[in-house]
Amino acid sequence: MVTVAHTLENLHTERRTFKPPVSLAAHANATAYEYKKAGVDRLEYWREAALRLAWHEPFTEILDWSDAPVSRWFHDGTLNACDNAVDRHVREGRGDRVAFHFVGEPGDTETLTYADMHERVQKAANGLLSLGVGKGDRVAIYLPQIPEAVVAMLACARIGAIHSVVFGGFSAESLRQRIDDAEAKLVITADGGNRRGSHLALKPLVDEALASHGEGTAHPEPCASVEHVLVVRRTGQDTAWTEGRDRWWHDVVDPQTAAHEPEWVDAEHPLFILYTSGTTGTPKGLFHSTGGYLVGAAHTHRIVFDLKPETDVYWCTADVGWITGHSYIVYGPMTNGATQVLYEGTPNTPHEGRWWEIVQEYGVTILYTAPTAIRTFMKWGEAIPDRFDLSSLRLLGSVGEPINPEAWMWYRRVIGGDRCPIVDTWWQTETGSIMISPLPGVTATKPGSAMTPVPGVAIDVVDDAGRPVPNGEGGYLVITEPWPSMLRGIWGNRHRYVSTYWNHFDGLYFAGDGAKKDVDGDLWLLGRVDDVMNVSGHRLTTTEIEHALVAHPWVAEAAVVGANDEVTGQAVVAFVIVRGDVAGIPDDGEAVAGELRKHVRKQIGPVATPRTIMVVSEVPKTRSGKIMRRLLRDVAENRPVGDVTTLADSSVMDAIRGGLEAGK
Ligand code: ATP
Ligand code: MG
């Protein structure tokens with residue numbers, strides 16, 4: 001049981017609101033009627049959403065909750081996720097539509113229609129079968145953000161194999177753990193990928209992951225489960241080769257025939273295994289179903305992003321190695337027949353305007369990204385996006401962390417030209433699809449609030465005893481009813497599934513996040529309950545103090561943690577990054593800290609005033625871009641830092657520790 005507050009203190013107040021654009025509302029995929037329908041009969045609402053998919057054999061039962069907390073949705077129906085994402089469009093005459101405008105970091109491009117994807121997934125499916133991979137087998141995918149990553153995922157789905165995508169930036173050790181956990185039979189990788197202008201090798205990391213590390217190590221034996229390594233040639237760099245085990249993609253896949261009948265699987269057949277980001281501890285290996293997951297991903301993509309597949313160009317900047325890439329690059333958008341941009345590289349290669357250049361070039365209309373990226377662009381300054389024509393954009397999305405109200409305002413003004421609505425979408429690897437978000441044609445938004453549960457999803461904020469808190473108060477975010485795309489468990493560990501998510505409050509899914517209901521009942525995400533501070537008896541969340549800091553014109557990004565303090569129990573410690581394009585910021589860190597302390601005191605009150613404010617050039621983040629407060633807390637409390645395997649850049653921690661010691 002987590003022991004935080006009875007309720008959380010409600011610090012931040014926000015009065016700005018933005019109505020949906022009239023033109024968008026007039027043609028929106030989802031109107032207010034959507035909430036009404038779901039309110040009358042939630043299961044019937046999901047049944048109708050499910051009927052938009054192509055089923056091989058129809059389902060008769062919507063939800064079977066008899067084995068709670070493991071749900072079964074649409075379980076007596078059969079379908080195939082790849083058939084829905086690809087074949088169906090070709091079958092129904094949409095084969096000429098562009099599925100992907102691929103942009104490689106070095107500037108190479110490729111346009112792939114749905115018909116092209118159809119050819120590729122069939123060849124890849126036959127290629128996987130020729131390597132002895134079949135239904136139910138697990139396949140680890142360790143690739144850069146290139147079309148083959150999408151093709152590989154869909155080819156697995158096509159033959160009923162279960163993919164486990166491991167982000168291409170992870171270490172050999174992280175890869176080995178994930179391969180062993182799933183007992184993967186095949187690893188699909190590349191010689192390397194392009195990262196910041198150079199070649200990042202991947203294949204050597206696979207070799208290292210599969211090898212024995214010698215007596216007395218964690219891996220005295222070579223990996224036993226993997227039979228083959230299938231290697232895409234991307235960079236052309238030299239690669240060591242294990243004869244018999246290693247096979248080139250172009251040798252195995254290219255000669256195959258482009259004819260393959262999808263494997264029709266039960267709706268509950270597992271589609272993939274995926275690990276959480278590891279922001280709060282050791283990553284958890286979750287698995288999702290085929291039918292319910294696909295319903296959740298496709299339906300929310302259609303109503304939250306208002307996708308008009310004939311005219312929109314949609315770009316989700318996440319890596320396919322994260323749940324956002326799974327649900328909102330591969331399964332949701334492709335099932336809806338979207339035309340997408342897929343970009344291999346980083347936002348500042350070869351220049352800091354690269355993303356905006358891509359938006360201009362392809363006429364992107366819908367952009368879905370993360371607060372970490374927005375804050376980075378704020379730091380670099382608005383002169384950079386201002387150089388590009390962003391007038392094609394009509395809708396902006398955010399996911400991954402609470403978005404600071406000032407970052408939201410910047411995103412709306414600088415990127416969205418003050419005309420695009422913003423959908424701040426709250427969800428998790430576990431939830432499979434978006435749970436809380438405005439609907440762009442319906443909801444009047446408030447900067448920093450994810451607003452309300454999407455239709456068909458039941459959410460509440462409760463106190464320690466599991467009782468709903470009244471409007472104006474904060475507590476624990478819970479999901480009160482099962483939903484189609486909910487995780488089906490932690491791979492191979494039902495006990496850990498139950499104890500992680502269902503043991504806190506009877507019958508409620510506990511997400512691990514704090515939230516508050518404002519006076520209107522709208523939801524504000526307040527970060528992890530693990531990050532809640534107790535300062536002189538006040539229960540404070542790091543998020544609201546970060547919001548206040550980012551509201552100061554000097555600050556681009558802020559990370560707040562609570563550190564033990566003899567006087568107050570815990571004290572607020574803040575790490576801030578200043579903006580690059582604002583004149584008059586003092587060089588002296590103490591002067592900056594003094595000004596910001598005054599600002600926080602004025603904005604939210606003396607109790608929230610940071611004891612320590614450090615100006616830093618980076619804060620530690622996961623490879624998916626989330627701030628890792630637990631590591632900053634370790635530093636602030638002078639402990640050795642915890643699990644850093646999912647950290648993007650470990651030198652950041654040394655720089656911060658060095659800075660703290662110098663300041664003592
Ligand atoms: P781990 O569970 O291993 O600690 P993680 O929670 O970071 O990792 P993800 O599933 O990638 O792994 O992230 C989900 C979390 O991200 C949510 O629980 C929430 O804390 C945060 N999050 C995602 N979207 C939003 C959002 N729009 N607003 C606020 N927080 C968000
Ligand atoms: Mg989590």
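A residue counts as near a molecule if one of its heavy atoms lies within 4 Å of that molecule. The model examined here is a predicted one.

**Exercise 1.** Determine which residues come nearest to ligand 1 and how the shell divides by class.

*Solution.* Step one: apply the cut-off, which gives 21 residues around ligand 1. Among these, T276, S277, T279, T280 and T429 come nearest.

**Exercise 2.** Identify polar contacts of ligand 1 and state how much of its accessible area the protein covers.

*Solution.* Step one: begin with T429, where an N or O atom of the side chain is 2.5 Å from an oxygen atom of ligand 1. Step two: turn to T425, which has a polar backbone atom 2.7 Å from a nitrogen atom of the ligand.

**Exercise 3.** Describe the largest nonpolar core and locate a second one.

*Solution.* Step one: the largest core holds 132 residues, of which F74, M117, L154, I188, F305 and Y331 touch the most other members. Helix α6, residues 147–159, supplies the largest share, 10 residues. Step two: examine I188, whose contacts beyond four places in sequence include L128, Y142, L230 and W249. Step three: a separate core of 53 residues includes V341, I403, A548 and I613.

Notes:
Residues are numbered from 1 along each chain as its sequence is written. Chains are lettered from A and ligands numbered from 1 in the order in which they are written. This is a predicted model: local features need pLDDT of at least 70, side-chain atom pairs count only at pLDDT 80 or more; totals for chains, interfaces and linings use all residues. Side-chain values use heavy atoms; hydrogens and water are left out. A nonpolar core is a set of buried Ala, Val, Leu, Ile, Met, Phe, Trp, Tyr and Cys residues joined through side-chain atoms within 4.5 Å. Buried means under 20% relative accessible area, exposed over 50%, partly exposed in between (1.4 Å probe, protein chains only). Helices (H or I, at least four residues) and strands (E, at least two) are DSSP runs, numbered from the N terminus. Contact means heavy atoms within 4.5 Å. A polar contact is a pair of N or O atoms within 3.5 Å; within protein, one must be able to donate a hydrogen and the other to accept it, and residues adjacent in sequence count only if both atoms are side-chain atoms. Accessible areas come from the Shrake-Rupley method with a 1.4 Å probe; for residues, only the protein chains shown count as cover. Ala, Val, Leu, Ile, Met, Phe, Trp, Tyr, Cys and Pro count as nonpolar, Asp, Glu, Lys and Arg as charged, and the others, Gly among them, as polar.
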